Amino acid sequence: MKKLLRSADFAGDSQTVARTLIGAVLLIDGVGGRIVETEAYDRADPASHSFAGPTARNQSMFGPPGRAYVYRSYGIHWCLNFVCREEGHGAGVLIRAIEPLEGLDAMRRRRGVDDPRLLCSGPGRLGQALAITHDLNGRRLDQPPFQVHAADAAYETVAGPRIGISKATELHWRFGLAGSRFLSRPFSRGRTPD
DNA sequence: CGAACGATTAGCT
DNA sequence: GCTAATCGTTCGA
């Protein structure tokens, strides 16, 4: 039924990929759910880890599209990105929240909470619930343990400013599933710019 | 080599 | 709403 996304599906620019990923289903070792919130980052983007060029940390952002870029946030959390565009460019999509669908018990055990809305609503929480660590950095998204299914319907998306950054706040490169209760934070009501 | 700073979260006021 | 926790990465001296 559902189409599995392959490397070529991540060849677009990060904004397009980020919006297209809303409604897709991400599983890691069979645990995961529907992507409801993403953020786009690009080489020509002061808020992006890739802005200053390749470094030891961000090297997978400059690798082939369709792979994972995993980084440590605030020395505490593991956050997951999908590399997109083309090899050498340095573009990616941060996966910020999913609606838990599969492996709820494993997620609850890893997170230590019961409320489904607190399992994967935020990049750090999602990383913990899906047991993401640095050993997934650079791994192909179309091979185990990853499984990314294309959205099975036309989901209505909303856009707004990205969260937790201090530069390029005027760009509305955060995307969400309209009306989802599993967002890390609500989107301001009204319009859907960009 | 030292220092500042996060693509965050949880807990308390 | 405000802040501590916590440490790898990055940049300047």
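## Briefing: chain A and DNA strands B and C

Of the atoms of DNA strand C within 4 Å of the protein, sugar or phosphate accounts for 69%, and bases supply the rest. For DNA strand B, the sugar or phosphate share of the atoms within 4 Å of the protein is 52%, with bases making up the remainder. The model is predicted. The protein, chain A, has 3 helices and 8 strands.

**DNA strand C**

- Five names make up the surroundings of DNA strand C: Thr55, Arg57, Tyr74, Gly75 and Ile76.
- By class, this surface has 2 nonpolar, 2 polar and 1 charged residues.
- Thr55 reaches the phosphate: an N or O atom in its side chain is 2.5 Å from a phosphate oxygen of DNA strand C.
- Arg57 also uses its side chain, with a polar atom 3.4 Å from a sugar or linking oxygen of DNA strand C.
- Tyr74 uses its backbone instead, placing an N or O atom 2.9 Å from a base oxygen of DNA strand C.

- DNA strand B has 21 residues around it.
- Those that come nearest are His49, Tyr71, Asn81, Arg111 and Arg125.
- By class, the surface near DNA strand B has 9 nonpolar, 9 polar and 3 charged residues.

**DNA strand B: contributing elements**

- Two or more residues each come to the surface near DNA strand B from β3 (68–73), β4 (77–84), β5 (91–102) and α3 (123–129).
- Helix α3 gives the most to this surface, with 3 residues.

- Strand β8 covers residues 174–177 and is buried on both faces.
- Arg174 and Gly176 lie on one side, while Phe175 and Leu177 lie on the other.
- Strand β2 (residues 31–41) runs antiparallel to β8, and 3 bridges join the two.
- Glu37 has Gly176 of β8 as its bridge partner.
- Strand β7 (residues 157–160) also pairs with β8 in the antiparallel sense, here over 4 bridges.
- Thr157 stands opposite Leu177 of β8.

**Overall fold of chain A**

- Read from the N terminus, the order of elements is α-β-β-β-β-β-α-α-β-β-β.
- The radius of gyration of chain A is 15 Å, close to the 16 Å that the globule rule gives for 194 residues, so chain A is as compact as a globular protein of that length.
- Along its principal axes, the C-alpha trace of chain A spans about 40 × 40 × 35 Å.
- Buried residues make up 53% of the 194 in chain A.
- Among contacts in chain A between residues at least 6 apart in sequence, 59% link residues at least 24 apart.

How values were computed: Residues are numbered from 1 along each chain as its sequence is written. Chains are lettered from A and ligands numbered from 1 in the order in which they are written. This is a predicted model: local features need pLDDT of at least 70, side-chain atom pairs count only at pLDDT 80 or more; totals for chains, interfaces and linings use all residues. Side-chain values use heavy atoms; hydrogens and water are left out. A residue is near a molecule or strand if one of its heavy atoms lies within 4 Å of it. Ala, Val, Leu, Ile, Met, Phe, Trp, Tyr, Cys and Pro count as nonpolar, Asp, Glu, Lys and Arg as charged, and the others, Gly among them, as polar. A polar contact is a pair of N or O atoms within 3.5 Å; within protein, one must be able to donate a hydrogen and the other to accept it, and residues adjacent in sequence count only if both atoms are side-chain atoms. Buried means under 20% relative accessible area, exposed over 50%, partly exposed in between (1.4 Å probe, protein chains only). Two strands pair if DSSP finds at least two bridges between them. The radius of gyration is taken over C-alpha atoms; the globule rule is 2.2 Å times the number of residues to the power 0.38. Contact means heavy atoms within 4.5 Å.
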